[in-house]
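Please keep the viewer open as you read.

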Amino acid sequence: MNATTSLSPEHLKTLETQAIAQLNACSNLAELEHAKVELLGRSGSLTLLKRGLKDVPAEDRPSVGASLNALSQAVESVHDEIKARLDADALNAQLREETIDVTLPGRVLPVGKVHPLSQITEDVCRLFEGMGFSVLDDNACPEVETEFFNFEALNFPADHPARDMQDTYYTEVASNVLLRSQTSNAQIRHMSQHKPPIRVIAPGRVYRNEEVSSRKYVLFHQIEGLYVDKNVTFADLKGTLNAFITELFGGNERPTRFRPSYFPFTEPSAEVDVQCLFCQGDGCKVCGHSGWLEILGAGMVHPNVLENCGIDSTVYQGFAFGMGVERLAMLRDAIDDIRIFYTNDQRFLKQFKPKY
Ligand code: DAH
């Protein structure tokens, strides 16, 4: 076929029909672009045809040239139409895929609950704040403590048998470094830095080498309280603790008793028991068959302790108390085994609703 024949109007018409058929046969954008390159790209079949123009007799060249351009344009415009359709199809498919079914029920996100120990600590802090006490920051009173703050300054001389009341974990850091056995270290830490009037409470974790049972665990929580001022009496201590216990247990009087006791850092000393709600005083394993659960120790701050902290005991008096947080939670929320607080059992934890 010479140049004239290959560029004859009939042949060009045939080529156009074939090119359009090739484009129409494309079912996706990738195929369409591939076909376009084959036809109109730099080495495309229709592009190459134009190179034959130079062999066309000069007088026919303008009209053949115009026909070739028309062919390219016709193919290009069919390409553009198909592309627009395929683009729209792709968009519609994407929209269909991304359609949101607004009638579907929402996904329920798990909501965390406040641990019962955190909750009761919070409750106790709020009650004492209401009575004018400030809550000390955890960092003010370390859990890894020296014998001096945990015992000595609290009037437990070395080798004093009262140290055996609290079976203490010592560390390997140094022979006088231990895990605090009571939050009473907060009294010394605070009074060494602040002068009366003092009204503080200090919540925290303590450790004792206890035999684990439904009432005892090797770590537990205490909240220490300290009130130092002029003219403070045991009646103030009793009044404060009674008001606190009544409020914590929902305003209902729960049978409680003050018992004389002994702590080296208070004189006189007392312990407060609340009647066991599991047996109503008849005796069960939770209360060790006594009918009562001890919730706190308290007393008038021993003059030696005030003097150890540089406070003149002839001018100032104080009262102090330390309560077991787990015991309070067990009594208020009817939990009969202390170990459950540390098991992370969701069935247990989910029962507690955040109060604030
Ligand atoms: N620290 C004592 C204990 O863990 C409790 C205690 C008793 C704290 C009397 C006090 C207090 O502040 O005055 O057994």
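The paragraphs below start with the ligand and then turn to the pockets and the cavity.

This is a predicted model, in which local features need pLDDT of at least 70 and side-chain atom pairs count only at pLDDT 80 or more, while totals for chains, interfaces and linings use all residues. Residues are numbered from 1 along each chain as its sequence is written, and side-chain values use heavy atoms, with hydrogens and water left out.

Let's begin with the ligand. Around the ligand there are 16 residues, and those that come nearest are Gln 182, Ser 184, Arg 208, Gln 222 and Glu 224; a residue is near a molecule if one of its heavy atoms lies within 4 Å of it. By class, this shell holds five nonpolar, nine polar and two charged residues. Here Ala, Val, Leu, Ile, Met, Phe, Trp, Tyr, Cys and Pro count as nonpolar, Asp, Glu, Lys and Arg as charged, and the others, Gly among them, as polar.

Which atoms face the oxygen atoms of the ligand? Glu 224 places a polar side-chain atom 2.6 Å from a ligand oxygen, and Gln 222 has a polar side-chain atom 2.9 Å from a ligand oxygen. From Phe 321 it is a polar backbone atom that lies 3.2 Å from an oxygen atom of the ligand. The cut-off for a polar contact is a pair of N or O atoms within 3.5 Å. Taken alone, the ligand exposes 350 Å², and the protein buries 94% of that, with accessible areas from the Shrake-Rupley method and a 1.4 Å probe.

Where does the ligand sit? Its place is the largest pocket, where sitting in a pocket requires more than half of the molecule's atoms to lie within 2 Å of the pocket's grid points. The elements that give two or more residues to the shell around the ligand are β5 (219-229), β8 (292-301) and β9 (317-324); strands are DSSP runs of E with at least two residues, helices are runs of H or I with at least four, and both are numbered from the N terminus.

The search for space runs on a 1 Å grid over the protein atoms alone: a pocket is an open set of points with protein on both sides within 12 Å along at least five of seven lines, a cavity is a set where a 1.4 Å probe fits but cannot get out, and lining residues have an atom within 4 Å of a point. The largest pocket holds about 740 Å³ of space, a volume being the space filled by probe spheres set on the points. It is lined by 38 residues, and Arg 208, Gln 222, Glu 271, Glu 294 and Arg 327 are the closest to its centre. β8 gives the largest share of this lining, seven residues.

The second largest pocket has about 220 Å³ of space. Among its 14 lining residues, Asp 138, Pro 203, Gly 204, Arg 205 and His 221 lie nearest the centre. β4 contributes the most to this lining, with four residues.

Finally, the whole structure has one cavity of 30 Å³ or more, and the largest cavity has a volume of about 40 Å³. Its lining consists of Leu 136, Ala 186, Gln 187, Val 200, Ala 202, Glu 224, Gly 225 and Leu 226. β5 supplies the largest share of that lining, three residues.

Methods
Polar contact = N/O pair within 3.5 Å; in protein donor to acceptor, adjacent residues only side chain to side chain.
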